[in-house]
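Please open the model in your viewer and keep the selection panel to hand.

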Amino acid sequence: MLVGVLGVMFFGWRGLAAGVVLGIAVFFATTTTANDSYWERRKRRNRWKARKAAGTDRLIPYTEEAWTQAQTEAAELKKAKDKAKVLGAVRERPDGADGMGWLDARPNRPGIAWHTPAGEEAYLSVAFSTSGQLRGAESSQRQEAAQAGFGNLLARCAPSNSLVRGLQCVVRVLPPDLALNEAWVVDHLDPEAPADAVASYQQVLERTGEGTYVQRHIIVARWPLSEQFMATAARYGNGREGWRALMKSEIDSMERSLRTAKMGAVRALSARGVVAMMLHQQNPNRLPMMVAGVNPRRLGLPSQDAWNSHWVTDTNPDTGAEVVWGHRTARITAANVETGPRSPYWFLSLLRRGAAGGGVRSLSFGMELIGAQQARVLASRDIVRDTSAAISRASKGQLSDSDTDVTLQAAQARGADLRPGSGHHGVNWIGHITISARTQAELTEASRQLEETAANGAGIEKLEWLDSYQGAASGTTWPIARGMQAGHTTLGVRVMDHLAGNGEKEEQVA
């Protein structure tokens, strides 16, 4: 509309016509459809072309031998773009862990990862292995206590004086490993047992593993390298030594908080433990926590990206045979989740073995913690917007809109939860799920089944497949707190933060 008005002012009716045509073109280019907008699809196509031209659709982990071989191959090529493509494939970090290093990678100590990813703020992260809140049949009182405990954990990290500004919850879903059961049978089976008895034991093992799965739980805490962090670390020591001393205190505090939140057995993973899990997620034939032979600075395996998948080539540690695994990652956003009452277990259907054709998968939810003051402002803004829309429809004699009614009820419930004195704070969340399979056909079928389960079982209207950069998307479900770009704070909160200064830093200056 503004373009049309300006067109009339400066170019008359021709300008109006040009503005109308331009407005229609922009509308159709940006209108969201079941397959995203034309503009988004075009961006993906251009991104994919650029990656293929630069050679970044392929990963060859950097070693001196690999770099020398790439230089030799590049020397035999005539075109500069072909040389760059060959050299661009050899990289030290996989796309999913770009800009990742270590503040502390010593053995048998909590691994403190140092991240400087493109497009995100620099931060430190530590991964904690937990046994999970609920194990087996638990009473409703135990479930309620576990929910309250996790809520209290988030509330303790949300205030502005907390250095932890985000948490990532990772659940790794795997078929059961019956090796111990088979070993027990071998040790206790009567050598003279008839063949029918031996066959019956085998049937028991097969039925035990049929339709079941096991889970591994990891919680990753994220410490942004903000001015507040720097000022606090300066009290513990100079430079990185102060960082490490501060992080030791923070890690101990987080372990206590996780145990208080009834997370079961809690253990901070070493750098080798974190990388072992990352390598396992790239090659599920590796054991999740097999740290033998793991170099904490070798984060990726040789891989090749396709448009809608990420293919990793490695070996089976047990047999030495070559194995290939394909991965595909989707994003889960609040905008694509049906609004309405739901329990804390609303996404459990995504963890069931049949959700993705029985294949292995990782589910990650990243949470950015928001202070109560800002959360109340955002909730009030939503209440005002939805109330205004409802009043406007009523004044025109129109029927109420069910979507607006539901979102208004949700905003009012959120506002009630955030009332002063409640102790509650706000949170922004983003979910990612990665599925893995051996072949393209299995991966495609798993994607279809996952979409069906998400829509029918979890109320997720749409999974946003992160195609054209699936290699980088895989990192969102690794235990390194990726894909959690901070949201925009309100102007009032930014002003109050500026007036508050830097706390301890100002005390030192004084």
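Predicted model: local features only at pLDDT ≥ 70, side-chain atom pairs only at ≥ 80, totals over all residues.

Residues are numbered from 1 along each chain as its sequence is written, and side-chain values use heavy atoms, with hydrogens and water left out.

**Whole protein.** Show the cartoon, where the secondary structure comes to 16 helices and 14 strands; helices (H or I, at least four residues) and strands (E, at least two) are DSSP runs numbered from the N terminus. Of the 510 residues in the protein, 40% are buried, a term that means under 20% relative accessible area with a 1.4 Å probe, protein chains only.

**Largest cavity.** A search of the whole structure finds three cavities of 30 Å³ or more. A cavity is a set of points, on a 1 Å grid over the protein atoms alone, where a 1.4 Å probe fits but cannot get out, and lining residues have an atom within 4 Å of a point. The largest cavity holds about 90 Å³ of space, a volume being the space filled by probe spheres set on the points. Select Leu59, Asp95, Ser303, His310 and Gly471, which are the closest to its centre among the 16 residues that line it. Then colour strand S1 (58-61) and strand S9 (303-306), the elements that give two or more residues to this lining.

**Second largest cavity.** Next, select the residues around the second largest cavity, which has about 60 Å³ of space; its lining includes Arg172, Gln281, Gln282, His310, His327 and Trp478. Helix H10 (271-282) and strand S13 (426-437) are the elements that each give two or more residues to this lining.

**Asn336.** Finally, select Asn336, which lies in the loop between strand S11 (322-332) and strand S12 (361-370). Is Asn336 buried or exposed? Asn336 counts as buried because its relative accessibility is 13%. Show the side chains of Asn336 and Glu464, which make a polar contact at 2.7 Å; such a contact is a pair of N or O atoms within 3.5 Å, of which, within protein, one must be able to donate a hydrogen and the other to accept it, and residues adjacent in sequence count only if both atoms are side-chain atoms. Not counting residues up to four places away in sequence, Asn336 touches Gly459, Ile460, Glu461, Lys462 and Glu464, where contact means heavy atoms within 4.5 Å.

Notes. 1 Å grid on protein atoms, 1.4 Å probe; cavity = no way out; pocket = protein on both sides within 12 Å on 5 of 7 lines; lining within 4 Å. Buried < 20%, exposed > 50% of the residue type's maximum accessible area, 1.4 Å probe, protein only.
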